[in-house]
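With the structure open in your viewer, follow the stops below in order, selecting the named residues as each one comes up.

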Amino acid sequence: QRYKVNLRLGARVAGIKGERGDFQVTLSSGQTLNAEFVVLAIGLQGNINKLGVQGEDLPSVQYQLNDPEEFKDETIVVVGGGDAGVENALALAQLNRVILINREEEFSRCKEGNFNMLQAAIKAGRIDTRVSTRIDYIDTKAESGFLTRVVAKTPEGVEIINCNRVIARLGARPPRDWLESLGIKFPSSDLTSVPELTEQYESNVSGMHIIGALGGAPLIKQALNQGYEVIEHILGNPVQAAD
C-alpha cells in the first residue's frame, strides 16, 4: 500500500517473450503484461524430487516439513542425507522417534554444524540412522498402530520399518523445459544444472534475471540479497554484492 505495488494474485505465468526493454508476459488468463525487465524468483518447490518408488504418493508420504512441532509421539522415517533431511530429523527427534535414511555411506552433503549435531543425537540415542540404504517400496500393510510400512534395502538385507509417516527431503530441480521455452540456456544436460548467470544474475536472455534457488542460491537470505542487488542494478545504482 505504501509503495503502490502493482500486485497480481492468482496470476499464473504461461509464457514470456521478448528481451530487455520489451517483454511480453502472458498469464494463463490470456492477459499480457508489458515489462522492461523480468526477475524470475520462483524457487524450485514446484519441482520437488520424489522417491521414485511404489507408494511415493501415499497420504502418509510428504516432501516438505512446515512445522516439526505438529507431530508428537510418532515414529517418522526421514529420507535424505543433505541439510534439509538432517535438520528435519533433528527437529522432529525432539518429540518423536526418528529413523533417518541416507542412500550414501556418510552424511557428506550437509554442513559441518548439522553433521556434528546429528552425530551427537545419534550418540544420545535420539536418532536412528540407516546408511547405504534405499527404499524399495512403501505401502499401508503396517503393523497395528502404524499407518505406513517402508520396505528398505540395507547392506544387511531387506528391512521392514513400520512408521506413522515418511518425510523425504530429496532436493528439487529447475523446471528446465519451461525455462528453455523462454530462451534460457543451460551449461550442460545435467538435470540438476542451473542457468549460467552474470554477476548481476542476468541470464543469456537480455533483461531476464534469475535469483534464489532457481539460480543455484537456495538460502532465503541469499535470495533476499540478490533481489536487492538486481533491482539496484536495474535502477543504475552501484551496489556491492553481499557474497
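In this predicted model, the count of salt bridges comes to ten. Begin by selecting E202 and R20, whose side chains meet in a salt bridge with an N to O distance of 2.7 Å. This pair links distant parts of the chain, 182 residues apart, since E202 sits in the loop between helix 3 (176-181) and strand 13 (208-210), while R20 belongs to the loop between strand 1 (13-19) and strand 2 (22-27). E202 counts as buried because its relative accessibility, 11%, falls under 20%, whereas R20 is partly exposed at 39%.

Next, select R176 and E180, which both lie in helix 3, four residues apart, or about one turn of the helix. Their side chains form a salt bridge of 3.1 Å, N to O; R176 is buried, with 15% relative accessibility, and E180 is partly exposed, with a relative accessible area of 37%.

Move on to R109 and E104, where the salt bridge between the side chains spans 3.3 Å, N to O. R109 is partly exposed at 44%, and E104 is likewise partly exposed at 26%.

Finish at D139, which is placed in strand 9 (residues 134-139) and is buried, with a relative accessible area of 12%. Which side chain is joined to that of D139 by a polar contact of 2.7 Å? It is the side chain of R149. A polar atom of the D139 side chain also lies 3.1 Å from the backbone nitrogen of K141. Leaving aside residues up to four places away in sequence, D139 touches L58, L147, T148 and R149.

Note on methods
Residues numbered from 1 in each chain as written. Predicted model: local features only at pLDDT ≥ 70, side-chain atom pairs only at ≥ 80, totals over all residues. Heavy atoms only, no water. Helix = DSSP H or I, 4+ residues; strand = E, 2+ residues; numbered from the N terminus. Buried < 20%, exposed > 50% of the residue type's maximum accessible area, 1.4 Å probe, protein only. Polar contact = N/O pair within 3.5 Å; in protein donor to acceptor, adjacent residues only side chain to side chain. Contact = heavy atoms within 4.5 Å. Salt bridge = Lys/Arg side-chain N within 4 Å of Asp/Glu carboxyl O.
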